[in-house]
Amino acid sequence: MSLLVVGSVAYDSVKIGAESRTDALGGSATYFSVAASYFSDVSLIAVVGEDFRESDVALMQGHNVDTAGLERASGSTFRWAGEYDPDDLNSRETLDTQLNVFADFSPKLSDDHRGAPYLFLANIDPALQLDVLNQMEERPKLVALDTMNFWIEGKKDELQKVVEAVDVLFIDETEARMFSGKSNLLHAASAITDMGPHTLLIKRGEHGVLLFHDGSIFVAPAFPLETVVDPTGAGDSFAGGFMGYMAATGDISSRGLRRATVLGSVMGSFCVEAFSLERTSALSKEEIENRFRAFGGLTDFEHLAEDESLPRP
Ligand code: AMP
């Protein structure tokens, strides 16, 4: 087993203009696992309630996601409800968050889980994220973390503690500003990398993503799409593509991190093309590779050679 994830497995209710879905499969760990499963073995640590549908467990298992760490507790599955502005899909309002079975969740890792070399602490209570990290047998090769405003506002101290202990942080643009207290994104990035992570990914929705590593910045656009149906889970699918690539290659060089960032963007772009995991769970290797290649074309341009200068009047 190579890639372990702890996070939420959820039922989401999403509204976008006249379109809506109620109790659709979602959750940070769900999107992450299925996206990462195209590249690496994935094991999941999470809890669901008695109402969790067997067909949803089957969907994850159908992608070879190891669900031995998916606990079923008495009570209801975590619920999240959100609404998007149909004219600006970057703008999302959380209408409701019900922790339900997550309120009393205490993850217990098996020996197999505790030896995982790659760990992703998906968006969930930072106290649980730290608990899982502390249970690892030895420090994994790479530990990454994602979070959101709900935890930045509600559990900032716990979040700070776990951020200090990870290698890679995934965070939204507005959340990076909120967490660091800096409005300029470069200042926010320095403040966050000073806390501990050597690699930072600032997600900017339809404007793409910024990768900060080793004093350099890499910018990946969002793949241009004519139709965006539901942005929910794009960030987790991004992280799934990124960490799936890391776990498969072990390449944490600048080149490897940049490729992982593009693969993350590819997986995020598929996610938003349909509600829930409808698109992410039905991809072929060929579709993924074609979009990865198309990304190269989007960003490829001729660099200015040493002995060359730009035209002058
Ligand atoms: P994303 O769109 O990538 O930010 O992720 C959306 C997913 O995060 C949804 O499927 C939700 O179920 C899940 N989610 C929303 N709020 C929380 C929270 N406070 N803790 C954990 N997961 C959450």
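## Ligand contacts

A polar contact is a pair of N or O atoms within 3.5 Å; within protein, one atom must be able to donate a hydrogen and the other to accept it, and residues adjacent in sequence count only if both atoms are side-chain atoms. Gly-233 uses its backbone, with a polar atom 2.7 Å from an oxygen atom of the ligand. For Gly-235, a backbone N or O atom sits 3.1 Å from a ligand oxygen atom.

There are 19 residues around the ligand (a heavy atom within 4 Å counts as near). Ser-8, Asp-12, Gly-27, Gly-233 and Asp-236 come nearest.

## About the model

This is a predicted model: local features need pLDDT of at least 70, side-chain atom pairs count only at pLDDT 80 or more, and totals for chains, interfaces and linings use all residues. Residues are numbered from 1 along each chain as its sequence is written, and side-chain values use heavy atoms, without hydrogens or water.

## Helices α10 and α11

Helix α10 spans residues 254-271, and helix α11 spans residues 285-299. Their axes come within 10 Å and cross at roughly 120 degrees (axes are lines fitted to C-alpha atoms over the stretch in contact, and angles run from 0 to 180 degrees between N-to-C directions). α10 and α11 are therefore oblique to each other. Their crossing is right-handed.

On the α10 side, the residues that meet α11 are Arg-259, Val-262, Leu-263, Ser-265, Val-266, Met-267, Ser-269 and Phe-270. From α11 come Glu-287, Ile-288, Arg-291, Phe-292 and Phe-295. Contact here means heavy atoms within 4.5 Å. By class, the α10 and α11 contact holds eight nonpolar, two polar and three charged residues.

## Helices α4 and α6

Helix α4 covers residues 126-135, and helix α6 covers residues 156-163. Their axes come within 8 Å and cross at roughly 30 degrees. α4 and α6 are therefore roughly parallel (angles under 35 degrees; over 145 is roughly antiparallel, 65 to 115 roughly perpendicular, the rest oblique). The crossing of α4 and α6 is left-handed.

Pro-126, Ala-127, Gln-129 and Leu-130 of α4 touch Glu-158, Leu-159, Lys-161 and Val-162 of α6. The residues of this contact divide into five nonpolar, one polar and two charged.

Methods
Helix = DSSP H or I, 4+ residues; strand = E, 2+ residues; numbered from the N terminus. Left-handed = near helix turned anticlockwise from the far one by under 90°. Nonpolar A, V, L, I, M, F, W, Y, C, P; charged D, E, K, R; others polar.
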